[in-house]
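Dear colleague,

Please find below the structure that I am handing over to you. My findings follow directly after it.

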There are 2 protein chains.
Amino acid sequence: MRREPKQDRSRATRQRLLEATIDCLAELGWSATTVGVVAERAGVSRGATQHHFPTREELITAALEFMFDSRMDMVRSESIDLPFGPARTEAVVARLVEQYTGSLFRAALQVWTAAAADPELRARIVPLEERFGRVAHRVAVEELGADGSDPVVHRMVQATLDLARGLGLADVLTDDSRRRAEIVRHWAAQLDTVIDPARRRPATEGSAR
Amino acid sequence: MRREPKQDRSRATRQRLLEATIDCLAELGWSATTVGVVAERAGVSRGATQHHFPTREELITAALEFMFDSRMDMVRSESIDLPFGPARTEAVVARLVEQYTGSLFRAALQVWTAAAADPELRARIVPLEERFGRVAHRVAVEELGADGSDPVVHRMVQATLDLARGLGLADVLTDDSRRRAEIVRHWAAQLDTVIDPARRRPATEGSAR
């Protein structure tokens, strides 16, 4: 098999830019995250950066998409390690909530907040957000081993994602991890009451996977 | 009783500035909300504005405090109209969630997000946020007629506030009201299972008020 080092290099450059964009947004905020600042942090020339991403908006939306998709791939690949039985719900909720406290959430928060006061940016972000919401919901249902066609389960998983978003927002200014752990435990117990335990056994005909 | 028209005028000017600050933050975002823009929207001279609020930070934090306190006063004064019995929980949760979808929440979101990338602003906002969190929790417990000393109730009310914050964030970019109404109904049913119904009757010795 022939390697294509130039393509590999190009892909690596692109990925460095996307990761630097998320870090800049999370640390420096929306206004300070310019293409120049990102290029410098990534160690990529201005010219190469503009070759990959002609505009700041393209860079930022590509960064959110790339990081979200990588995160979902990771969640799916790790789910094999989760316990089965009652401990699974708490483990899934805890991991889901953690996704809303890292730099991806902080970066996304900067973009959402800017989009709230900028109709053009909002038009770019809304379809992205809708896709993220659908995928996050589907992955959460899979992880829980729940029946997504049950309307009560559907709504409770949505509420879990809403809760996770709210907990993430509470964590933006202060370290809220102790309180969060207790909320997660209580919430998981509530969620557990609506998930059919028969579905939670591995590899049965009733599995939702 | 002697009226003091000059003091009244001063108070009215102050309030107009605070309300204009919230509107500007919610509509125009953090960067665009300058003292000049707020003064113009409020119809107050630059000099009078600076007399009331020497810095932009003072204006913005005073606006958040004033609006939050007014909101809590309103919630308390309206609670007499809420039904008793099982419908109360849903009514309280619905009203609580609505508080996170108006211009006060949108304005606060702009400030939190800016503070996330600005240590000086963060130092001003964190104590404010802690007070808001405590008061909002206490008022929610009162409204629900629940026993705040019960640790399960305490956590479930916290989760309700976290959920409300997450639902508010979901509503920033798109109108999420239909989905939200369903989540509120489902969550209120969950919350109802942990509230002792005996406490929900008006004017009994077991009342938490």
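**How the copies meet**

Of the interface residues of chain A, 100% are also interface residues in chain B, so the copies meet through the same surface. Please bear in mind that this is a predicted model. Chain A is superposed on chain B, with an RMSD of 0.1 Å, by a rotation of 180° with 0.0 Å of shift along its axis. The two copies are therefore related as by a two-fold rotation axis.

**Helices 6 and 7 of chain B**

Two packed helices are described by the angle between their axes and the distance between the axes. In chain B, the axes of helix 6 (residues 103-116) and helix 7 (residues 119-144) cross at roughly 130° and come within 8 Å. Helix 6 of chain B is thus oblique to helix 7 of chain B. The crossing of these two helices of chain B is left-handed.

On the side of helix 6 of chain B, the contact involves V111(B), W112(B), A114(B), A115(B) and A116(B); they meet L121(B), R122(B), I125(B) and E129(B) of helix 7 of chain B. Seven of the residues in this contact are nonpolar, two are charged and none is polar.

**A histidine in helix 7 of chain B**

Helix 7 of chain B also contains H137(B). Is H137(B) buried or exposed? The relative accessible area of H137(B) is 10%, and because buried means under 20%, this residue counts as buried. Leaving aside residues up to four places away in sequence, H137(B) is in contact with H154(B), V157(B), Q158(B) and L161(B).

With kind regards

How values were computed: Residues numbered from 1 in each chain as written. Chains lettered and ligands numbered in written order. Predicted model: local features only at pLDDT ≥ 70, side-chain atom pairs only at ≥ 80, totals over all residues. Heavy atoms only, no water. Least-squares fit on C-alpha atoms with pLDDT ≥ 70 in both. Contact = heavy atoms within 4.5 Å. Axes fitted to C-alpha atoms, helices over the stretch in contact; angles between N-to-C directions. Helix = DSSP H or I, 4+ residues; strand = E, 2+ residues; numbered from the N terminus. Parallel < 35°, antiparallel > 145°, perpendicular 65-115°, else oblique. Left-handed = near helix turned anticlockwise from the far one by under 90°. Nonpolar A, V, L, I, M, F, W, Y, C, P; charged D, E, K, R; others polar. Buried < 20%, exposed > 50% of the residue type's maximum accessible area, 1.4 Å probe, protein only.
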